[in-house]
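Q: I have a new structure to go through. Can you walk me through the contacts?

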Amino acid sequence: MTDQRRANGSLRHLLTLEGLSRDELETLLERAQHYVRRRGEVAPRSDVLAGLTVANLFTEPSTRTRVSFELAAKRLGADVVNLEMQLSSRVKGESMLDTIYTLESLHVDVFVVRDAEAGVPALVASHVGPEVSVLSAGEAHLSHPTQGLLDTLTILQHKRHCDQLSVAIVGDILHSRVARSACQALQTLGVKELRLVAPPVLMPPAGEFAGCSRFESIERGIADADVVMMLRIQRERFADTAIPTGDEYFRRFGLTPARLALAKPNAIVMHPQPMNRGVEIDSAVADGPQSVIRDQVANGVAVRMAVLETLSARAVGRRS
Amino acid sequence: MTDQRRANGSLRHLLTLEGLSRDELETLLERAQHYVRRRGEVAPRSDVLAGLTVANLFTEPSTRTRVSFELAAKRLGADVVNLEMQLSSRVKGESMLDTIYTLESLHVDVFVVRDAEAGVPALVASHVGPEVSVLSAGEAHLSHPTQGLLDTLTILQHKRHCDQLSVAIVGDILHSRVARSACQALQTLGVKELRLVAPPVLMPPAGEFAGCSRFESIERGIADADVVMMLRIQRERFADTAIPTGDEYFRRFGLTPARLALAKPNAIVMHPQPMNRGVEIDSAVADGPQSVIRDQVANGVAVRMAVLETLSARAVGRRS
Amino acid sequence: MTDQRRANGSLRHLLTLEGLSRDELETLLERAQHYVRRRGEVAPRSDVLAGLTVANLFTEPSTRTRVSFELAAKRLGADVVNLEMQLSSRVKGESMLDTIYTLESLHVDVFVVRDAEAGVPALVASHVGPEVSVLSAGEAHLSHPTQGLLDTLTILQHKRHCDQLSVAIVGDILHSRVARSACQALQTLGVKELRLVAPPVLMPPAGEFAGCSRFESIERGIADADVVMMLRIQRERFADTAIPTGDEYFRRFGLTPARLALAKPNAIVMHPQPMNRGVEIDSAVADGPQSVIRDQVANGVAVRMAVLETLSARAVGRRS
């Protein structure tokens, strides 16, 4: 695994939440909270990245995640360039590296990289100069560290003591980088209980997600949970005959008000978006009083601001 | 109809020019004139939107209108994000709202929305938080308020007294949001005469455009007019057999120097662009001394600056 | 040929390096060197273009050249708008001019134009207002002036005395705007020897590249050269049966360590990127100690900053 740290131990890249200490996570979350604003308030701003350049390398042009990173970087004063490029689709190896070297020669300070292929963010990280940082914005099914941080921040805004929480993650765990990153953060913070809830074909292999309990029934899986984290199911999955269709999936795993009533009365409901309403979640739940889904989005910008300024060696000392 | 105003009566959204008072229109036009610069002068700048975020939601990526809004927002100091998205093409209703809520959670202050489907800008407006404004950049065939304002501003720069003007709008009135918004503004300002000039298949139903006279002959329609406003005809329309082809259209409705001579000697010629030269307008007219087409473009940026700062509650008090 | 100069002789457009004086070239290169930073250093910044607008008109959305121009303009403080548009694909003549006039009416100060058709940058230049500058970012096979400048700058950073240098340009000279612009600059600066090295089908007609010697053998062409400038070969060319395939091309014209050993011991190797490794260049050379390919990219931003501030009449006097 690519080392995310500098020689002095400080974070230089953020490719995964695995291996981050409890102290590091708490410091990042605290800094993110510094950038949280209530709805209706003006977005927070700073100039800690003034004069620096952030390049968004996204394979898809207009995702909400790209906009979230773009706004985070701009609100810290950075210059931002957006590039649509699927690094991994290029001729393997050296040709991808040529692209990376080229971008680095443009004096890019932070690369924000999203790629459907495993290993691409780390490959970029291992080839850029020592002053350059790489921030993963989603890597295959493996890692989505800023999503994991924003999910954790959202939980901690509503539930104070992580070591007393039962968190149920429901849905397509097998393919979910969201689930993986959230589990890593929550386990490091000492969450009491992590439950994976999925039909067998969407459950990860036994070797993964150590320490989590597994449920094939959503009713049992979310019983008395403090947090119910729903995952998006790709409609493409239903092409696989072993997986129930949309209606059937909703019947068996959709989060309805009746099912949510099995969780703790003050349980919160999360979803990384975009939602398939009527497939994995009922609108009455998505829009209900226990939903914190919109908070997650707002926390996303705050988390990305915190991570960008933390990674950038040059931003250190500029903080307000 | 969605109310465009705040409880105190001030404009919060701009979805249509319908219902704006004469005083409101004049105030907006006066403010726009403040941002007009002569060709060759440096573009005007301000920082009334500094720290605010404007999101351009356009279905097509690179229209001149998108660039006009982008420059207007940047020149007021705002952060701008561009998103290509066809809000109305998504699964109807809640899924579109999820997108809107997501963007709002990113602390977007103004949404600039263009959509081919009626009702989309108003739907966005009715679901965003109280601090957020929505500015229509073109809605179906119904409304294009900043275009209506820039057309009016252009007329008033050349013709002082609206109540003594005859304005002829020529072409595809039926499908034209440009014609609808221009008529609303000009009628509110007390224009003397508004004439619609079109072949029967491109003439709107009788219930629409109250107070306008109608002409099927361009010669009679523009006779003694002070302003001749040509509309773009979509070449796709010619597929409809009832509509004359391009050559035939030009023969019957194209604005030639000979026809223009029927209008007042100092009549001005307008076109919202892009032009189909040789279809709705002769190049000798488009590039002739009576054409104010290029002024319209320049006025577009000024109008959009005026509207953006007027809608934004936060910009109030920052004005220079 | 469109005159690139103002009445007072100063550069207003940069469409070609042809006709620039030695003094003008040296002044541009010196200014570019002012903006060069070592890898790992923060990108240079200035505000000489603050309040001005640069429009990038590129037919392809995400080229590294577009990003290089975008960063150069932003680092000088300009507002930047990106437009994807193939000016030459529009209905010829007036319709393209309408687009240009429209953009100019938006108070664009500098147009950066890339187009696959000859004459488009000059056409834009001949129709914009006197305060507006046009900068070619690549025109057909004819001209790529900022590439020529960055190549020259790179050479001069490593080799001091142009009049004692032998420069070999190897590959698809026939279709290369890179080769044309580099030759113009180097000849004006009094380079000792310019050699064109290519198979006959990729060699330009006799009338072009006056003063250059021609070689069909790479071994003889690069013997004792101080600079070996490799060109990218478009894989599409191999469809032409007269041209060797990729493997065959590499066997006959690929730059290998063995071949490079024929040049001077301290010869530098250049490539405009993107490289076809294993076709025109061996990775051992591309990544070897004599390669200055990554310097070229970094010099590209510096050159574009120097050109942007030089062309803009308004930037004069603001320089730091």
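**Charges, rings and a chain contact**

Q: What lies over the face of C:Phe69?
A: C:Arg304 does, at 4.7 Å from the ring centre. Keep in mind that this is a predicted model.

Q: And what sits over the ring of B:Tyr101?
A: The charged end of A:Arg294. The distance to the ring centre is 4.0 Å.

Q: How many aromatic pairs does the structure hold?
A: Six, over all chains.

Q: Switching to chains A and B. How many residues does each give to the contact?
A: Chain A gives 26 residues and chain B gives 21.

Q: Which residues of chain A lose the most area to chain B?
A: A:Val42, A:Arg64 and A:Arg294. Together they account for 22% of what that side buries.

Q: How much do the two chains bury between them?
A: About 2200 Å², with 52% of it on carbon and sulfur atoms.

Q: How many salt bridges across that interface?
A: Three by the rule. One of them joins A:Arg45 and B:Asp79. Their closest N and O atoms are 2.6 Å apart.

Q: How many residue pairs are in polar contact there?
A: There are 14 between chain A and chain B, counting pairs with both residues at pLDDT 80 or more.

Q: Which elements of chain A give two or more residues to that side?
A: Helix H2 (64-75) and helix H11 (293-311). H2(A) supplies the largest share, eight residues.

Q: How do the residues on chain A's side divide?
A: Into 13 charged, eight nonpolar and five polar.

Terms used. Residues are numbered from 1 along each chain as its sequence is written. Chains are lettered from A and ligands numbered from 1 in the order in which they are written. This is a predicted model: local features need pLDDT of at least 70, side-chain atom pairs count only at pLDDT 80 or more; totals for chains, interfaces and linings use all residues. Side-chain values use heavy atoms; hydrogens and water are left out. Contact means heavy atoms within 4.5 Å. Buried area is the accessible area (1.4 Å probe) that two parts lose on being put together, summed over both. A salt bridge is a side-chain nitrogen of Lys or Arg within 4 Å of a carboxyl oxygen of Asp or Glu. A polar contact is a pair of N or O atoms within 3.5 Å; within protein, one must be able to donate a hydrogen and the other to accept it, and residues adjacent in sequence count only if both atoms are side-chain atoms. Helices (H or I, at least four residues) and strands (E, at least two) are DSSP runs, numbered from the N terminus. Ala, Val, Leu, Ile, Met, Phe, Trp, Tyr, Cys and Pro count as nonpolar, Asp, Glu, Lys and Arg as charged, and the others, Gly among them, as polar. Rings of Phe, Tyr and Trp (its six-membered ring) pair if their centres lie within 6.5 Å; planes under 30 degrees apart count as stacked, over 60 as edge-to-face and the rest as tilted. A charge sits over a ring if NZ of Lys or CZ of Arg is within 6 Å of the ring centre and within 35 degrees of the ring normal.
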